[in-house]
Amino acid sequence: MFTALAVSLAAIAGSAAATGTPTRHHGVIPRQAAFTPLASQHFSYNNLASPFLRYHVPRTKLLTARSPYSHTTPIPTMASVALKSAVSHNICNSTTQTQDSMCQTLIINSLDDFCLWGPPTPNESVGDIEGQMVAWCTKPGHGTRVIPAGAITGAQFMRTPDYIQMTGFINQANINMSPDDGGGEMDPHGADQRGNPLGGLVFTNAWGNGYQQAIEWHNFMGSGIFCLKACDPKGAHAADFCQHVFDRIGCQYNAPAAYVDGEFTSCLGDSQDFPGVYTGADGVVSTYTQPPESLGPISTMPYTARIPASSSCTTFTSAAIYTGQPSATVAATSSVASSSAVSSSSAAASSAAKTSASKSTASSTASATGNAAGAPAKFGMGGVLSIAVGVVGAAIGAVVAL
């Protein structure tokens, strides 16, 4: 019986692949008893225990533990996806501190100490590799790969009452992304609720009392732009601030901020409106519904995201905050310029957009399922989605160094 079922599932997967039907997001997913979504699980940085591990890890660091979805645990996806996802790791310590690290434990502490999700192999598109993304960090010490020197060309750390957030500009080829990839979204949900990357965990010490898990988070990468938000689990609206359903409208709507290339600032700030929620000129509060990809590119939006006020900012130089990084492996491309607005652009037009003196690319696209699809970015009209840059400020106290 079980053999027949396995053969049937394999046949379905093969048929879908042969006809061009996506198996990644739309394949038949076998049921599995007692499954708990990743975003519903809580992990301790100092002592990771998970029903998926099938054992307890009494170590002083999470960094020595297996993934919450280790490759020895059946993965409820098609066989091809299961094989690709078998690289999931949360084993991150001094023995894995190399530029080939497969660590999938991401850290966000401060302007000088944070990680981003990036592909494990060169020249990849986010939509093709989202389940296998690994952590790339700004400094050694987390058992991860280290972002090469000069790759980050501008960044802002924002601490608000409800979340911490990193936004900025990056030469994405230096973390193995295809230079022209419009990108996508990573979050702890995914089509099968096991997260993208599979079993990926996020921790921070920015909230005091040691490292704490950010259960809800999202990270958009693409077109030379990044945004990473970790929502405080003590807040009543962590899932609202770290929405994962607006994956086609990128950083400027999910993480509105003052995207300024060439600047490195750490700020205190107000919390943004929930992604997708906006107040019209008539004072009416509305919620945006993202259309499915089957309807084609999103060319217009009914609102412009409000950039929350910031204050007490401190400005730094990259040389002062990013040390111990390896040399860049890919030559820097033209800078993604930014002054008074942030605009979306298509992946095909992203290179040209990087030369603009008045607008910067902020496009990370993904499918409506909460997973990056690797499709061209949805906004090809240069000024359609520009956002007025809000007042920026900074607080050195907002920088929480590890």
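This section describes the strands, nonpolar cores and disulfides of a predicted model. Residues are numbered from 1 along each chain as its sequence is written, and side-chain values use heavy atoms, with hydrogens and water left out. Because the model is predicted, local features need pLDDT of at least 70 and side-chain atom pairs count only at pLDDT 80 or more, whereas totals for chains, interfaces and linings use all residues.

Secondary structure elements were taken as DSSP runs numbered from the N terminus, with helices (H or I) of at least four residues and strands (E) of at least two. Two strands were treated as paired if DSSP finds at least two bridges between them. An open sheet of 7 strands was found, with mixed pairing and the order 9-12-13-8-7-14-17. Its edges are formed by strand 9 (184-186) and strand 17 (310-316), each of which pairs on one side only. From one strand to the next, the twist averages 15 degrees (axes are lines fitted to C-alpha atoms, for helices over the stretch in contact, and angles run from 0 to 180 degrees between N-to-C directions).

Of the 8 residues of strand 7 (residues 152-159), 7 are buried, so the strand is largely enclosed by the rest of the structure. Here buried denotes under 20% relative accessible area, exposed over 50%, and partly exposed the range in between (1.4 Å probe, protein chains only). Strand 7 pairs with strand 8 (residues 163-170) in the antiparallel sense over 7 bridges, and the two form a hairpin with 3 residues between them. In this pairing, Ile152 is placed opposite Ile170 of strand 8. The pairing of strand 7 with strand 14 is parallel and comprises 5 bridges; Phe157 has Ser266 of strand 14 as its bridge partner. Strand 14 (residues 264-269) is in turn joined to strand 17 by 5 bridges, the two strands running antiparallel. Ser266 also stands opposite Thr314 in strand 17.

A further set of pairings involves strand 5 (residues 134-137), both faces of which are covered. Val134 and Trp136 on one side of strand 5, and Ala135 and Cys137 on the other, are all buried. Strand 5 is paired with strand 4 (residues 113-118) in the antiparallel sense over 4 bridges, with Trp117 opposite Ala135. Strand 5 and strand 6 (residues 145-146) run parallel and are joined by 2 bridges. Trp136 has Arg145 of strand 6 as its bridge partner.

Nonpolar cores were defined as sets of buried Ala, Val, Leu, Ile, Met, Phe, Trp, Tyr and Cys residues joined through side-chain atoms within 4.5 Å. The largest such core has 44 residues, and Ile152, Met166 and Phe226 have the most contacts inside it. Another core, of 9 residues, lies apart from the largest one and includes Tyr253, Tyr278, Met301 and Ala305.

The structure holds 5 disulfides, each being a pair of cysteine sulfur atoms within 2.5 Å. With bonded cysteines counted along the chain, the disulfides follow the pattern 1-2, 3-4, 5-8, 6-7, 9-10. Cys115 and Cys137 are joined with an S to S distance of 1.9 Å, and their link is right-handed, with 90 degrees about the S-S bond. Cys115 lies in strand 4 and Cys137 in strand 5, so this pair ties together parts that are 22 residues apart in sequence. Both Cys115 and Cys137 are buried.

The sulfur atoms of Cys227 and Cys251 are 2.2 Å apart in their disulfide. The link of Cys227 and Cys251 is left-handed, with -95 degrees about the S-S bond. Because Cys227 lies in strand 13 (residues 225-231) and Cys251 in helix 5 (residues 250-254), the pair ties together parts that are 24 residues apart in sequence. Cys227 and Cys251 are buried.

In the disulfide of Cys267 and Cys313, the sulfur atoms are 1.7 Å apart. The torsion about its S-S bond is about 110 degrees, so the disulfide of Cys267 and Cys313 is right-handed. Since Cys267 lies in strand 14 and Cys313 in strand 17, the pair ties together parts that are 46 residues apart in sequence. Cys267, at 0% relative accessibility, counts as buried, whereas Cys313, at 25% relative accessibility, counts as partly exposed.
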